[in-house]
Amino acid sequence: MNIAILNFEEPWLVLASTSLIRGFLRKFPDSSIYFFVSHESLPVVQYNSKIQIISGYTCNKSLSYDIAVNLTPTVAASNFMAELNAKIKLGFVENNGVVSSLNKDAEDYYSIMYNGNYTEKNIFQVLYKVSGLVWKGEGYDLSYYPRNKTNKKKTGIAISHENLRFFVK
């Protein structure tokens, strides 16, 4: 199963949407997840080995997706969503030059994120609703490099007085 997540938003929202990786892998364990992000947000997902990252609006026309989720309500992202070959499309798509929601949850997402409507839900719950998932406490899926092992048997002391530091050495 191939899943496409389009998020060309700011890095903080891309970081929050990495939680969707855990949600989709919980529901579809043998799926391949393709994450479409802007160049600015690439460092947030760059080292995640669970996903395939595509920076910008480029897609493989021969690849089809079972689920595609567009989290960016812009005309460019919505046009790109329309180009994707997907069985189920969620989020936002462009119709006659206007961005429109594909489902009720996407309308709620837009009203909360861009119109400032109040909600009791946290950002993860809102993102999961748009994606057709149920949030079960999953957090960020952030990977980083390099991973260094620390030697826990060493202790460091910072001494500001120069003569005292020389005496301790």
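This is a predicted model: local features need pLDDT of at least 70, side-chain atom pairs count only at pLDDT 80 or more; totals for chains, interfaces and linings use all residues.

Reader: What makes up the secondary structure of the protein, and in what order do the elements run?

Author: The protein has seven helices and six strands. Read from the N terminus, their order is β-α-α-β-α-β-β-α-β-β-α-α-α.

Reader: Why is the protein called more spread out than a compact globule?

Author: The globule rule gives 15 Å for 169 residues, whereas the radius of gyration is 21 Å; this value is well over the rule, so the protein is described as more spread out than a compact globule. The box filled by the C-alpha atoms, taken along the principal axes, is roughly 75 × 40 × 30 Å. Two pairs of residues may be set beside these values. N2 and R165, 163 residues apart in sequence, have C-alpha atoms 59 Å apart. K27 and E162 are 135 residues apart in sequence, and their C-alpha atoms are also separated by 59 Å.

Reader: Which residues touch the most other members of the largest nonpolar core?

Author: That core has 27 residues, and I5, L20, F24, I33, F35, L71 and Y109 touch the most other members. Helix α6 gives the most to this core, namely five residues. Apart from it lies another core of 14 residues, including F8, Y34, I54 and A77.

Reader: What does F24 touch, leaving aside its neighbours within four places in sequence?

Author: F24 is in contact with I3, I5, S31, I33, I67, V69, S131 and L133.

Reader: Which residues of α2 are buried, and what covers them?

Author: In α2, the buried residues are S19, L20, I21, G23 and F24. Their cover includes β1, α1, β2, β3, β4 and α6.

Reader: How do you know that S19 is buried?

Author: The term requires a relative accessible area under 20%. S19, in helix α2, has a relative accessibility of 1%, and therefore counts as buried. Beyond four places in sequence, S19 touches F124, Y128, W135, E138, G139 and D141.

Reader: Why is T18 called buried?

Author: T18 is found in the loop between α1 and α2. The relative accessible area of T18 is 0%, which is under the limit of 20%, and T18 is therefore buried. Not counting residues up to four places away in sequence, T18 touches F35, V45, Y140 and D141.

Reader: What makes S38 a buried residue?

Author: S38 sits in the loop between β2 and α3. With a relative accessible area of 16%, S38 falls under the 20% limit and so is classed as buried. S38 touches N7, F8, E9 and S55, when residues up to four places away in sequence are set aside.

Reader: How do you know that N2 is buried?

Author: N2 is part of strand β1, residues 2-7. The value for N2 is 18%, and as this is under 20%, N2 is counted as buried. Leaving aside neighbours within four places in sequence, the contacts of N2 are S32, Y34, L63, S64, Y65, D66 and I67.

Reader: Which residues of α5 are buried, and against what do they pack?

Author: In helix α5, residues 104-113, the buried residues are A106, Y109 and S111. The buried residues of α5 pack against α1, β5, β6 and α6.

Key
Residues are numbered from 1 along each chain as its sequence is written. Side-chain values use heavy atoms; hydrogens and water are left out. Buried means under 20% relative accessible area, exposed over 50%, partly exposed in between (1.4 Å probe, protein chains only). Helices (H or I, at least four residues) and strands (E, at least two) are DSSP runs, numbered from the N terminus. Contact means heavy atoms within 4.5 Å. The radius of gyration is taken over C-alpha atoms; the globule rule is 2.2 Å times the number of residues to the power 0.38. A nonpolar core is a set of buried Ala, Val, Leu, Ile, Met, Phe, Trp, Tyr and Cys residues joined through side-chain atoms within 4.5 Å.
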